[in-house]
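Visitor: Could you show me how labels for ring contacts are decided?
Guide: Gladly, let's look together.

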Amino acid sequence: MLYINKVENDGAEQTRITTTTIPVDMQGDKKVIALAKRPDYIVPNADGSGYGLFVFDNFDNIQLPTDDLRRFALAMNMYENYLAHGIDAKSLSDTIHSWLKAENNALIASQLVSYWGGAVSAMPDTDRHFQEQQMWQEYRNATIASVKQRLIRQLYNTVSDESVTDSIYNVWADKSDPLLSKTDYTQIAYRLAILKPQQWQKILQKQRTRLSDADEIRQFDFISRACTPDVDEQQCLFNSLLKAENRRIEPWTASLLRLLNDRTREPLNNRYLQPALNALQDVQRTGDIFFPGKWLSALLSGHHSKEARQIVETFISQHPDYPDKLMNKIKENAYTLTR
């Protein structure tokens with residue numbers, strides 16, 4: 001389906017948008033559609049019902065549809081074009097940011113935050129830090145509770161900018177955001193301990209005093225070990241995960257592995273990639289059916305370097321007879337790294 005918008009000026013400094021919907025039945029490689037006038041732009045798959053990659057000519061001056069479904073589908077199509085290299089991360093981020101300011105639908109706004117975060121994570125540090133500062137401002141100004149919550153969760157999981165890190169630290173220290181749960185504050189403590197290595201023990205000690213349940217404390221003590229700034233201790237922790245008896249509680253294992261592979265620890269943590277991939281079949285053999293995917297997500301999601309990409313691509317090329325299901329999981333979780 002093509003959703004065609006024509007922007008006109010009615011002479012009174014008012015912009016009028018006319019739209020035409022044209023169903024398209026793609027039975028061959030090419031479909032020619034005759035139009036009476038040249039449209040300002042064409043939005044393919046406007047209602048999201050089509051299956052595939054729908055490539056835009058450009059995103060310049062696209063007017064947002066007033067219909068929620070079409071607006072959601074347009075945002076989804078834009079992000080898929082970004083993943084296919086049809087739009088760069090900065091352009092997508094700027095567009096999503098401007099849309100978010102005007103979005104009143106909580107579901108669409110929350111998804112926009114997710115797309116924004118996905119694009120920001122691929123940026124070089126200078127652009128990334130600026131976007132994180134913009135995201136922090138949107139968090140402060142957000143009026144929709146679920147969107148405000150989504151923004152700070154996106155930030156505390158991926159933040160690298162020092163000023164935003166300090167702002168999140170203040171929220172954590174004062175427990176000033178009622179939208180955040182105990183689990184959120186614990187997750188924030190883990191990342192702050194990594195981002196502020198001079199204070200890592202103090203941060204973890206304070207968060208531990210906030211926990212009262214024995215199981216919560218056991219979980220915290222297991223996972224928080226990954227926050228150590230000592231690279232030799234990090235290596236020992238990683239090595240321990242290669243033994244099945246140390247992976248018995250799989251959600252804790254995945255959390256620890258994710259922290260060891262935090263983006264801010266590249267390139268040192270690239271040394272975990274090869275042995276962790278080598279261990280994947282053992283992880284499958286000794287664990288839950290879903291654990292290989294969680295293992296790979298924890299291992300790969302924080303990596304963005306060329307060296308990391310080369311390690312993963314080499315592993316894939318050197319294992320042509322690897323079990324299909326596992327290889328597909330590797331490729332799926334490595335997509336943002338290798339695309």
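Visitor: What makes Lys206 count as sitting over the ring of Trp172?
Guide: A charge sits over a ring if NZ of Lys or CZ of Arg is within 6 Å of the ring centre and within 35 degrees of the ring normal. The charged end of Lys206 is 5.4 Å from the centre of the Trp172 ring and sits over that ring. Lys175 does likewise with Tyr185, at 5.9 Å from the ring centre.

Visitor: How do you know which residue is which, and how far to trust this?
Guide: Residues are numbered from 1 along each chain as its sequence is written. This is a predicted model, where local features need pLDDT of at least 70, side-chain atom pairs count only at pLDDT 80 or more, and totals for chains, interfaces and linings use all residues, while side-chain values use heavy atoms, leaving out hydrogens and water.

Visitor: Why is the pair of Trp136 and Tyr139 called tilted?
Guide: Rings of Phe, Tyr and Trp (its six-membered ring) pair if their centres lie within 6.5 Å; planes under 30 degrees apart count as stacked, over 60 as edge-to-face and the rest as tilted. Here the centres are 4.9 Å apart and the planes lie at 40°, so the pair is tilted.

Visitor: What makes Phe315 and Tyr322 edge-to-face?
Guide: Their planes are 75° apart, with 5.6 Å centre to centre.

Visitor: Are Phe315 and Tyr322 buried or exposed?
Guide: Both are buried, meaning under 20% relative accessible area, with exposed over 50% and partly exposed in between (1.4 Å probe, protein chains only). Trp136 and Tyr139 are both buried too.
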